[in-house]
Amino acid sequence: MKYLIAGLGNIGAEYHATRHNIGFDVLDTIAEKEGFAFESERLADYATWKFKGRHIHFIKPTTYMNLSGRSVAYWLDRLKLSPDKLLVITDDLALPLGKLRLKSKGSDGGHNGLKNIIEHLGTQNYPRLRFGIGNGFNRGQQIDFVLGKWEEQEHELLNKTIERCSEAVKSYVTQGLARTMNQFN
């Protein structure tokens, strides 16, 4: 069994450790814990890991968040995988910090990265793991919030949720989507 896990974010030091880069942070945490490293490849930083007989391919698109679909479509094609073997990890303003929501399909929910993936794949039928970042911003301040750094008081819950998200990825590739949804939603 082979899977592609795409953690969404933006490249560049100015975006490091921001709410919008949580997909990158989750994949970096898995890589650090499991002892593999990302290398720069076409349209993404790429890593592969064998876990319980599964071949897991990880990408952090280097196309910037709003153009993530180009990278995801390229890597699905390169790895000869269908969208049902994809898991996209992204931030979600509609969920409070600490909440995860795994879905088998759905709309972009106003998220430009997911919108671009849907456009490039021609379907919204692919699994996505939404990581709640909360919505603690005033009207008109959404961009500053998602591109902002985490607050000191958020770090404990943030780290626990990144760990849960990492476990959800492992569950997805070993136990399947339905069982993982029941366990982590």
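This is a guided tour of one predicted model, stop by stop, for a reader with the structure open in a viewer.

Before selecting anything, note that residues are numbered from 1 along each chain as its sequence is written, and that side-chain values use heavy atoms, with hydrogens and water left out. Because the model is predicted, local features need pLDDT of at least 70 and side-chain atom pairs count only at pLDDT 80 or more, while totals for chains, interfaces and linings use all residues.

**Stop 1: the sheet**

Colour the strands (E runs in DSSP of at least two residues, numbered, like the helices, which are H or I runs of at least four, from the N terminus). They form an open sheet of seven strands in the order β2-β3-β4-β1-β5-β7-β6, with mixed pairing; two strands count as paired if DSSP finds at least two bridges between them. β2 and β6 (100–103) stand at the edges, and each has a single partner strand, so one side of each is left without a neighbour in the sheet. From one strand to the next the twist averages 25°, an angle taken between the N-to-C directions of axes fitted to C-alpha atoms, on a scale from 0 to 180 degrees.

**Stop 2: strand β1 and its two neighbours**

Now select residues 2–7, which are strand β1, where five of the six residues are buried (buried means under 20% relative accessible area, exposed over 50%, and partly exposed in between, with a 1.4 Å probe and protein chains only). β1 pairs in the parallel sense with β4 (residues 54–61) over five bridges, and I5 stands opposite F58 in β4. β1 also pairs in the parallel sense with β5 (residues 86–92), over four bridges, and there the bridge partner of G7 is I89.

**Stop 3: β2, β3 and two loop residues**

Move to β2 (39–41) and β3 (44–51), which run antiparallel and are joined by three bridges; in β3, A44 is the bridge partner of E41. In the loop between these two strands, select L43, which has a positive phi of about 65° although it is not a glycine. Most residues other than glycine have a negative phi. L43 is buried, with a relative accessible area of 15%.

Then select A17, in the loop between β1 and α1 (22–34), whose phi is also positive, near 65°. A17 counts as partly exposed, at 28% relative accessibility.

**Stop 4: the largest pocket**

Which residues lie nearest the centre of the largest pocket? Select H20, G110, H111, N112 and Q142, which belong to a lining of 19 residues. On a 1 Å grid over the protein atoms alone, a pocket is an open set of points with protein on both sides within 12 Å along at least five of seven lines, a cavity is a set of points where a 1.4 Å probe fits but cannot get out, and lining residues have an atom within 4 Å of a point. About 390 Å³ of space lies in the largest pocket, where a volume is the space filled by probe spheres set on grid points joined across faces, edges and corners. β5, α3 (112–121) and α4 (142–146) each supply at least two residues of the lining, and α4 gives the most, with three.

**Stop 5: the cavity**

Finally, select T29, I30, K33, E34, E163, S166, E167 and K170, which line the largest cavity. α1 and α5 (155–175) are the elements that give two or more residues to this lining. The largest cavity has a volume of about 30 Å³.
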